[in-house]
Amino acid sequence: MHRLLRTFMVTFGILSGAACGPAASSDVKSPVAESSMPTDIRQSTPQAMGIAEAPGVPLGFEIVRDTTSNAEWPAEEAGLLTNVRQLTTPAMGITAAGEAYFSPDNRRIIFQAYPTGQTEYQMFTLELTPEGYPRTSTIKQVSPGGGACTCGFFKPDGSGIIFASSYLNPDMPNPNFYQREGGSYTWDMPGGMDILAAGVDGSEPRRLTTEHGYDAECGYDPAGERIVFSSDRDGDPDLYVMRADGSGVRQITDNAGYDGGPFFSPDGKRVIFRADRNLDSHLQLFVINADGTGERQLTRHGPVVNWAPYWLPAGRSVVYTTSIHGHYNYEVYLLNIETGGHRRVTHAPRFDGLPVVSNDGKWMMWTSQRGPTQTSQIFLAEFRAPSGF
Ligand SMILES: [Ca+2]
Ligand SMILES: [Ca+2]
Ligand SMILES: [Ca+2]
């Protein structure tokens with residue numbers, strides 16, 4: 001189980017994880033300079049590669065790579081991000097952490113992390129002060145232990161959490177996994193993974209999905225009535241919507257290749273997600289109506305991975321993660337999904353990704369390797385969306 005994942009972690013030590021996305025690695029020892037990236041990644045944008053839009057086939061917005069030098073990256077970030085602080089550290093008993101989401105009142109976060117000495121993610125919560133600083137002693141594992149976990153999310157009324165775990169069936173094979181070219185990036189889709197609901201403290205975990213196969217990458221709608229998630233129950237990973245109690249499951253995408261990472265829009269009417277429709281491991285962003293109609297591709301195919309989109313409160317823009325600066329330097333960008341307007345948000349060396357914006361629009365939280373240990377950890381900053389987003 002997880003042989004590929006573990007092989008990768010040892011060999012490359014960059015990022016890996018399950019489900020909602022790669023999140024963490026504890027063994028990154030040194031930054032990889034942008035100049036050492038493969039030429040095709042370093043210099044390529046979809047337009048540079050001559051990717052043409054076929055007649056009648058919309059390929060999404062053209063995203064132009066920011067050309068800032070990165071020499072003064074803290075200053076370059078300061079226009080949108082201020083008072084950047086690290087929320088998780090190895091001193092908290094976790095070797096690495098990733099993919100954090102806010103509670104409805106922004107006073108708590110849920111994320112996945114490796115407990116020290118362990119090689120599978122467990123789910124944790126951590127309380128924040130009103131100013132968004134960690135109450136470090138409040139870190140708490142909320143998953144039952146055993147198996148792998150990923151993709152935590154708070155119920156909108158604050159009364160509970162959902163996350164995915166394989167603890168009931170930890171040894172089932174992974175028929176599907178996502179791996180980028182060159183073998184340098186992969187995550188598993190454990191066949192024994194199911195979506196669980198529990199109290200905010202992890203109490204009384206109960207299984208919401210019972211199908212054979214991978215069920216994960218889950219998020220509530222704003223009313224707390226529906227859950228959108230990704231499942232490979234029919235062999236191919238696609239998006240599904242179910243009632244919050246696990247009943248009434250309905251499939252909303254049906255295309256070959258990975259569809260995942262879905263989140264309901266703030267009005268509950270649409271779902272943002274990423275997909276590998278070209279089966280080339282270059283994920284692109286899509287939006288679809290929650291009933292499965294009106295799918296629209298948002299970013300172009302090309303030698304670029306665009307993934308982990310998350311809505312801003314106004315519901316017209318998303319923050320997302322892109323490899324447009326290379327696979328050793330993922331960055332967070334903003335995209336207005338109606339106009340195609342886009343802007344770079346992070347500028348730090350190494351990984352920056354899996355961003356979320358608080359429901360009041362004031363904070364951005366993401367996974368970054370900018371800290372002193374260069375491991376993946378959770379960061380938070382005061383966020384000011386520029387005009388047009
Ligand atoms: Ca399952
Ligand atoms: Ca699919
Ligand atoms: Ca970066």
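**Close-up views of a predicted model**

**View 1. Surroundings of Glu 382.** Setting aside neighbours within four places in sequence, Glu 382 is in contact with Thr 82, Asn 83, Lys 362 and Trp 363, two residues being in contact if their C-beta atoms, placed from the backbone, lie within 7 Å. This is a predicted model, in which local features need pLDDT of at least 70 and side-chain atom pairs count only at pLDDT 80 or more, whereas totals for chains, interfaces and linings use all residues. Residues are numbered from 1 along each chain as its sequence is written, and chains are lettered from A and ligands numbered from 1 in the order in which they are written. Glu 382 lies in strand β28 (residues 377-383), where strands (E, at least two residues) and helices (H or I, at least four) are DSSP runs numbered from the N terminus. Between Glu 382 and Trp 363 the C-alpha to C-alpha distance is 4.6 Å, with 19 residues of separation in sequence.

**View 2. Exposure of Glu 382.** Glu 382 counts as partly exposed because 15 other C-beta atoms lie within 10 Å; a residue is buried at 20 or more such atoms within 10 Å of its own C-beta, exposed at 12 or fewer, and partly exposed in between, with C-beta atoms placed from the backbone.

**View 3. The open sheet β8-β9-β12-β13.** Four strands form this open sheet in the order given, with antiparallel pairing, and two strands pair if DSSP finds at least two bridges between them. The edge strands, each pairing on one side only, are β8 (149-154) and β13 (206-207).

**View 4. Pairing of β9 with β12.** Six bridges join strand β9 (residues 160-165) to strand β12 (residues 194-199) in the antiparallel sense, and Ile 161 has Ala 198 in β12 as its bridge partner.
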